[in-house]
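Please read it beside the sequence and the structure shown here.

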Amino acid sequence: MSVLRTKGLKKCYGKGENTVSALDGVDLNIEQGEFVAIVGTSGSGKSTLLHMLGGLDRPTSGTVEVEGKNIFEFDDEELTIFRRRKIGFIFQNYNLIPILNAYENIILPIELDGNKVDKRYVNSVISVLGIESKIRNYPNNLSGGQQQRVAIARALATRPAIILADEPTGNLDSKTSLDVLGLLKTTGQRFNQTIVMITHNEEIAQMADRTIRIEDGKIMNKAVKD
Ligand SMILES: Nc1ncnc2c1ncn2[C@@H]1O[C@H](COP(=O)(O)OP(=O)(O)O)[C@@H](O)[C@H]1O
Ligand SMILES: [Mg+2]
C-alpha cells in the first residue's frame, strides 16, 4: 500500500530574480513499511523534500498524499494535528525544548495529543538509546550526541506511522550510528513504520530498502537496492 506519494512537487523560495527552485517536480511513491534513504549533495533539496513530506511547509505546486489524502487540503490547525499523530520528525538540529528535561521532551508529543504514556515502551526506547542516566537533564546539559538520542526517542515515543529523519546520526560516532539505525529499522519493522531518512553516510544508506538520489531538486534514480 502506498503511504506517501508526491506528484509534480515544486518548491520555490524567494521572489523575482532571487527565486531559488529547491524542488523541481518530484514524483515519488513510498510503500508502507519501506525504509528509504535520501542522498544528494548539500543544497540539492533534501531537507525541503522532507519538510514537504511531513507537512511542515507548503509547496509552490504539486501534491503530497499521505495514505491517499492530500495533506495540503488541511488548514494549519488540521495539519498540526495530522503531523502530531502520523509523523515522527528527527531534525538535524534536534529541536528540543530547552525548559523541559530529556524525559519531558520525549513524552511531550504524547501528552500534547492527550494520550497516556506507555511507560514500558518509552523506557525500552530510552534504554536502547542508552540515555537512562540522562533523562532528568535539560538539553543544555547534554552533549550533541545525547541530544540527538533524546530527539530520536521523542520521534519514536508516539509510534508514528511515518518517521522522517534529517541526518539522524550526523552527530554520533559510527558504532552508535549503526546501533541507532538498527533500532530505527527494528522498530520500523515491528510497527510497520515507514522511514524516510536523509543521510551522507554510505554505510547507513546501505541499510535502507531503497536509495533515492536527488540533484538540483530532481530525483535522479528510483532504483530498488540490489
Ligand atoms: N528557507 C529558505 N529560503 C531560501 N532558500 C532556501 C530556504 N531553504 C532552502 N533554501 C535553498 O533551497 C535549496 C535546497 O535547500 P535544502 O533543501 O536545504 O538542501 P539540502 O538539505 O539538500 O542541503 C538550496 O539552494 C537552499 O539554499
Ligand atoms: Mg539539509
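A polar side-chain atom of Thr-48 lies 2.6 Å from an oxygen atom of ligand 1, a polar contact (a pair of N or O atoms within 3.5 Å; within protein, one must be able to donate a hydrogen and the other to accept it, and residues adjacent in sequence count only if both atoms are side-chain atoms). Taken alone, ligand 1 exposes 560 Å², and the protein buries 58% of that (accessible areas come from the Shrake-Rupley method with a 1.4 Å probe; for residues, only the protein chains shown count as cover).

This is a predicted model, in which local features need pLDDT of at least 70 and side-chain atom pairs count only at pLDDT 80 or more, while totals for chains, interfaces and linings use all residues. Residues are numbered from 1 along each chain as its sequence is written, chains are lettered from A and ligands numbered from 1 in the order in which they are written, and side-chain values use heavy atoms, with hydrogens and water left out.

- The elements that give two or more residues to the shell around ligand 1 are β2 (20–31) and α1 (46–53); helices (H or I, at least four residues) and strands (E, at least two) are DSSP runs, numbered from the N terminus.
- Helix α1 gives the most to this shell, with three residues.
- The residues around ligand 1 are Tyr-13, Val-20, Ala-22, Thr-41, Ser-42, Gly-43, Ser-44, Gly-45, Lys-46, Ser-47 and Thr-48 (a residue is near a molecule or strand if one of its heavy atoms lies within 4 Å of it).
- Backbone N or O atoms also approach oxygen atoms of ligand 1: one of Gly-43 lies at 2.7 Å, and one of Gly-45 at 3.1 Å.
- Thr-48 lies in helix α1 and counts as buried, at 10% relative accessibility (buried means under 20% relative accessible area, exposed over 50%, partly exposed in between; 1.4 Å probe, protein chains only).
- Leaving out residues up to four places away in sequence, Thr-48 touches Lys-11, Tyr-13, Ala-22 and Leu-23 (contact means heavy atoms within 4.5 Å).

**The antiparallel sheet**

- An open sheet of four strands has the order β2-β1-β4-β5, with antiparallel pairing (two strands pair if DSSP finds at least two bridges between them).
- The edge strands are β2 and β5 (69–70), each of which pairs on one side only.
- Within this sheet, β1 (residues 2–13) and β4 (residues 61–66) run antiparallel and are joined by five bridges.
- Leu-4 stands opposite Val-66 in β4.

- Strand β3 (residues 35–39) runs parallel to β8, with four bridges between them, and Phe-35 stands opposite Ile-195 in β8.
- Strand β3 also runs parallel to β9 (residues 210–215), again over four bridges; here Ala-37 stands opposite Thr-211.
- Strands β7 and β8 pair in the parallel sense over five bridges, and Ile-163 has Ile-195 in β8 as its bridge partner.
- Five of the five residues of β8 (residues 194–198) are buried, so this strand is largely enclosed by the rest of the structure.
- Thr-194, Val-196 and Ile-198 point one way from β8, and Ile-195 and Met-197 point the other way.
- Strand β9 pairs with β10 (residues 218–221) in the antiparallel sense over three bridges, with Ile-214 opposite Ile-219.
- Strands β9 and β10 form a hairpin with two residues between them, and Asp-216 in the turn has a positive phi of about 45°.

**Helix α5**

- The 14 residues of α5 should span 20 Å at 1.5 Å a residue, and the end C-alpha atoms are 20 Å apart, which agrees; the expected span is 1.5 Å times one less than the number of residues.
- Eleven of the 14 residues of α5 are buried, so the helix is largely enclosed by the rest of the structure.
- What covers the buried residues of α5 includes β6 (87–90), α3 (102–112), α4 (119–128), β7 (162–166) and α6 (174–190).
- Gln-147, in α5 (residues 144–157), is buried with a relative accessible area of 18%.
- Beyond residues up to four places away in sequence, Gln-147 touches Tyr-94, Leu-96, Pro-139 and Leu-142.
- Just after α5, Arg-159 takes a positive phi of about 50°.
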